[in-house]
Every structure is written in structure tokens, then in C-alpha cells.
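Open your viewer and switch to a cartoon view. We will go from stop to stop, selecting one piece at a time.

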Amino acid sequence: MKVRLRPGSVARAEDLLTACVRECAAHLVSLEGPAPAQRTGLVAAIGVLVAEHTAFEPSADRSFDALLDVGRRALDAGEVRLARRLADSAVALRPGAGGAWGLRAEALEADGREEDAMHAQGRFETLTGHRLDHELPLDGGDPIGVDAFRAQLAGRSVCVVANGESMAASGLGAEIDAYDLVVRVDSFQTHREGTGERVDVHAVSHRSGGPGWRRRAHTRLVFAEQPAQWRAAIRGRLVAGAQSYVGDLSLSRPVRDPALIGEVRWAAEPTTAFTVARLLDHLDVNPRIDLFGFAVPGQLRAEERQWILGRARARDGLRLSLR
């Protein structure tokens, strides 16, 4: 689908759009198995693109916007090859469009081509004046990086609370709510008597689809190993008005990110609980870091649990103290 365009060539633009529509149609034919929500969104977006391109009086602007939407939906569904092809076509069609370069940067990141992605992101920022990783839904919260999150934590006692029946029946609710900061993970539930009710920080995997996203939290950290996964969760799961701050891309994979902790010996996608505990330990600005319920088997991977138990300075029932 490599079509070279001359500036102002309407016929060649139509040829390239037609090629994109054919590529998308061929992709639909190749799909097999049950359709997850992300794939359903992709199929619907392809339908819109086809309708716009084949309209009696097609609009070039609407067709281009539909093309970008298919590319984003393809990334959300993990269809990186299709997203790459559509992004390249969008840049060829409109090299001055920030949205085209933004899609290309995301597609290149998802494909592991970081140097090319950085160039595309630079073009996006030059054309739009915005940071690509700071695109949040309306009223989605202000993005914060590592330094801003460290400032939120500094000098305050913090606890991380596990999910599960043992915590719900613990009777530790009042003690947990007495910490300066309370961290919940993934699809959490609160019980006044057992777990307490405060939610200062919600740490959540991009894979988690539970009610935690809808619960009000001061800061929400979204973890994902790939930038495309992080952005898909930000776009598709973040609830407007449910948080004041959202961790940006620099906080999306702290354990394995060489710019932060950079420990590649852990699993390709560490558990959310271990990720946030390891991040708190690494930042080292809290006089007290306690973990509730994580010594119970099943909450962490075996190697993660071993690290937590080896690092703990004290153990009292369901509580492990890292500081």
C-alpha cells in the first residue's frame, strides 16, 4: 500500500483512501474467534470509514477523520500492523496534520520502533503544541510525572491495601483510614470495618475492567508495559471527574522502565500490587510504608512475594512494614 502523493493530487488521495478501505475490508475477512470490545469498536470504525469514502458526495475531512479513528481503534485492539499501514497513509495524505503524526508515533511505539516513534512524536508536538502522552479525556484529571508524584508522597505515611476476603474480615478499617495516604489496587472494594474507605491513590493495570475506575481517587496510576496499551486504557477506561491527577507515561511501567527502576528480572508484566509497592520503596520518601494483606498466598507472584517478605522490616498479622 505504498502510494506516493504529489501535493494537491486529489486523484492520488482518492487512490490512497481506496487502498486503505480495501486493506480494512481484507482485515475484517481475516478476523476469527469471538470479538472483544476493542475489536467490536474497530469493526464499527471501519464501517464508518467505508460509509464516508463511498458516500454520494464524500467529504475529504470526514473520511480522513474516520481513517485516523480506525487507526486508533486498531491500536486499542492490538492490531499493530494495520495501525502502522493506516498511520503511514494518513501522513502521506496530510503531512501537516498533527493527528496523523500522533497516530504514527503510537503505532511505531507499539511496533517497538522507539527511535522512529520519537521522531513522529516530535512532529506531532511541533504541529500541535501538545505532548502526545498528555492527551486525556475532558475532565480526566491533570497528568503528573515521577517528580510530581514523589512530591505527593513525601513525608507522609502510606499503606497499600490488598483485595480479598481476608482483608474484608480483618477489622482493620479504622487503622487503615488513619494513614496519610491509602493506596488501592485494581478492581477494589471498600468495607468500612475491614478495609477502610479512603482512596487517595488507585493503582490499576490496563487490563483491569472492574468498578475501581469509577471510584473517586485523588491520583490514579495506570500500569501497562506498552505505550499503546497505556493510551488505550486512558482513552477507553478513564472516567471523567473520577480523579484529580493521572500518572503520565513516565509512571506507566516503573519496575521494568530503565528510566526509573529498570529491573528486567521480573515478569514481563508485574502484578499491580508489586509494581506500586516497588515504586514506593524505590522513591523512598515515606517515613512509613505498610502493606496490608499481601503476605496471603495468591496476592503476588511467588518471586514478588519472596522480595516483599525479604524486604519487610516487620510483620504483624496481615501487615508488612517496608519502613
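Two strands count as paired if DSSP finds at least two bridges between them. Keep in mind that this is a predicted model.

**Stop 1: an edge of the sheet**

Select β1 and β6. They pair in the parallel sense, over three bridges.

**Stop 2: the next pair and its crossover**

Look for Ala217, which stands opposite Gln243 in β6. Now trace the chain from β5 to β6: the path passes through α10, and this β-α-β crossover is right-handed.

**Stop 3: another parallel pair**

Select residues 181-185, strand β3, together with residues 201-205, strand β4. The two run parallel and share three bridges. Zoom in on Val185: opposite this residue, in β4, is Ala203. While you are among strands, remember that in a regular strand the side chains alternate between the two faces of the sheet.

**Stop 4: the whole sheet**

Show every strand of the sheet. How many strands does this open sheet have? There are nine, in the order β1-β6-β5-β4-β3-β2-β7-β9-β8, and their pairing is mixed. Go to the edges: β1 (142-144) and β8 (314-316) each have a single partner strand, so one side of each has no neighbour in the sheet. From one strand to the next, the twist averages 25 degrees.

**Stop 5: a helix across the strands**

**Stop 6: an enclosed helix**

Move to α5, residues 98-110. Its 13 residues should span 18 Å at 1.5 Å a residue, and the end C-alpha atoms are 18 Å apart, which agrees.

Colour some of them, including Trp101, Leu103 and Leu108. Glu106 and Glu109 are among the buried residues as well.

What do the buried residues of α5 pack against? Show α3 (60-76), α4 (80-93), α6 (114-128) and α10 (227-236) to see their partners.

Gly112 takes a positive phi of about 80 degrees.

Technical notes. Residues are numbered from 1 along each chain as its sequence is written. This is a predicted model: local features need pLDDT of at least 70, side-chain atom pairs count only at pLDDT 80 or more; totals for chains, interfaces and linings use all residues. Side-chain values use heavy atoms; hydrogens and water are left out. Helices (H or I, at least four residues) and strands (E, at least two) are DSSP runs, numbered from the N terminus. Axes are lines fitted to C-alpha atoms, for helices over the stretch in contact, and angles run from 0 to 180 degrees between N-to-C directions. The expected span of a helix is 1.5 Å times one less than its number of residues. Buried means under 20% relative accessible area, exposed over 50%, partly exposed in between (1.4 Å probe, protein chains only). Contact means heavy atoms within 4.5 Å. A crossover is right-handed if, with the strands pointing away from the viewer, the path from the first strand over the helix to the second runs clockwise.
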